[in-house]
Amino acid sequence: MLACAALGLWTTLSAAQTRVDEMADAVENDVIEWRHHLHEFPELSNREYDTAKYVAEHLRGLGLEVTTGVAKTGVVAILDSGKPGPTVALRADMDGLPVKEQNDLPYKSTQTGEFNGQTVPVMHACGHDTHMAMLMGAAKILTDMKSELNGKVKFIFQPAEEGAPAGEKGGAEVMVKEGVLKNPDVDVIFGLHISANSDVGTVSYNPGGTMAAVDPFKIVVKGKQAHGAYPWKSVDPVVTAAQIVMGLQTIVSREIKLIDSAAVVSVGSIHGGNRSNIIPEEVEMVGTIRTLSKEAREHIYESLPRKVKGIAESMGAEAELTLPLDYYYPITYNDPELTAAMLPTLKRTAGEKNTILAKPVTGAEDFSFYQEKIPGLYMWVGGKPVDVPEEESPAHHTPEFYVDDAGMKLGVKLLTNLTLDYMQQNR
């Protein structure tokens with residue numbers, strides 16, 4: 001009986017896979033056209049007004065129930081099969097970056113926007129244009145396959161993944177607070193990111209902690225000002241700050257069990273003083289903490305203030321620590337059971353050899369806010385032309401960033417097949 005049931009499920013999945021392959025082929029040119037439009041007209045975080053209109057128009061054209069203005073500019077659409085079953089969410093991010101494009105493309109961006117009070121160039125320098133286009137393609141296929149679904153699909157087009165402008169909130173955290181995972185309650189969420197460093201046709205995944213939690217911090221060291229010629233009359237916040245920077249490095253190098261989980265403590269900015277011959281009264285530092293496990297994060301939260309206070313007191317200075325500073329991202333955590341259950345889908349869609357177990361990275365993603373609430377799986381889809389060596393492929397967030405249109409079809413198929421297979425497994 002179990003063998004017959006398994007055979008029936010395999011036959012159903014095989015037939016669906018064939019249909020998805022054919023429909024992905026048919027929609028590929030549209031996906032490329034959508035991507036080129038979105039790439040040519042990028043918008044910054046929380047300013048994705050025209051982007052949202054473009055996406056919403058497409059979704060309404062499919063006959064979906066569409067809500068706009070979620071978390072300021074987000075777009076959410078629901079596909080209801082009319083049959084009982086789980087609710088699957090699929091997410092794409094929408095915002096561009098303040099980067100001036102240097103690629104010679106017919107759809108090159110020449111757009112500008114306002115960032116921190118200045119007019120800046122804007123570019124999709126991280127591939128969010130491809131993410132939207134892939135999800136638009138998956139929405140088209142899943143809508144056409146509505147009769148084969150059981151349950152609901154929630155398409156989430158999210159603003160401000162790169163971070164909201166100063167003084168604003170945005171991104172996944174706000175979408176969750178505004179109820180994007182409710183009405184209907186979402187059971188599982190899938191997301192993906194194009195990669196300029198992995199070959200077209202590949203998908204990479206990692207169970208558990210796959211991208212790091214982010215905790216920015218600020219340290220203000222207060223001492224006593226004096227003439228630079230008479231340092232004994234000062235309590236030098238510059239020297240104290242230097243000792244704190246070096247002391248913080250021992251948290252990772254001497255206190256974190258790095259064979260279990262990576263961690264990073266980096267000071268990215270130091271400001272203090274204005275003349276060569278004046279020891280200032282105050283120095284300000286800002287930095288970031290990156291962790292891939294709850295245990296490492298908790299340890300650094302305990303250790304960092306202890307070291308800052310102890311070093312400052314040893315120098316006769318005072319130090320004020322703000323942690324986290326103005327925002328934080330949780331760990332992007334791929335639910336191990338969900339990852340194991342969907343791994344056959346990845347392999348069937350991309351092929352066994354093209355499905356790659358990746359190492360965790362210390363970059364971050366606000367997709368993690370969804371995964372705090374429900375099981376989620378986040379993947380990387382290859383966007384590097386296969387004839388370009390990895391070391392020659394431009395990095396994300398750079399003016400030369402480039403991904404091949406050919407990489408998007410796999411992303412469309414993955415989003416579609418993950419939805420179909422999850423519904424089959426949980427009907």
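1. First, some ground rules. This is a predicted model, in which local features need pLDDT of at least 70 and side-chain atom pairs count only at pLDDT 80 or more, while totals for chains, interfaces and linings use all residues. Residues are numbered from 1 along each chain as its sequence is written, and side-chain values use heavy atoms, with hydrogens and water left out.

2. Buried here means under 20% relative accessible area, exposed means over 50%, and partly exposed is in between (1.4 Å probe, protein chains only).

3. Have a look at Phe-190 in the viewer. Leaving aside residues up to four places away in sequence, Phe-190 touches Val-88, Ala-89, Leu-90, Arg-91, Leu-338, Met-342, Phe-367, Leu-377, Leu-418 and Tyr-422, where contact means heavy atoms within 4.5 Å.

4. Next come the charged pairs. The whole structure has 22 salt bridges, each a side-chain nitrogen of Lys or Arg within 4 Å of a carboxyl oxygen of Asp or Glu. One of these joins Asp-25 to Lys-409, with the closest N and O atoms 2.7 Å apart. Because Asp-25 sits in helix α1 (residues 2–40) and Lys-409 in helix α9 (residues 408–425), this pair ties together parts that are 384 residues apart in sequence. Helices (H or I, at least four residues) and strands (E, at least two) are DSSP runs, numbered from the N terminus. Asp-25 is partly exposed at 45% relative accessibility, and Lys-409 is partly exposed at 25%.

5. Glu-255 counts as partly exposed at 26%, as does Arg-306 at 41%, whereas Lys-307 counts as buried at 18%.

6. Now for the open spaces. The largest pocket contains about 1,400 Å³ of space. On a 1 Å grid over the protein atoms alone, a pocket is an open set of points where a 1.4 Å probe fits, with protein on both sides within 12 Å along at least five of seven lines, and lining residues have an atom within 4 Å of a point. Of its 49 lining residues, Glu-161, Glu-162, Tyr-329, Ala-364 and His-397 are the closest to the centre. Strand β7 supplies the largest share of the lining, five residues.

7. The second largest pocket has a volume of about 250 Å³, a volume being the space filled by probe spheres set on grid points joined across faces, edges and corners. Its lining includes Ala-213, Leu-292, Arg-297, Tyr-333 and Gln-371. Helix α6 gives the most to this lining, with three residues.
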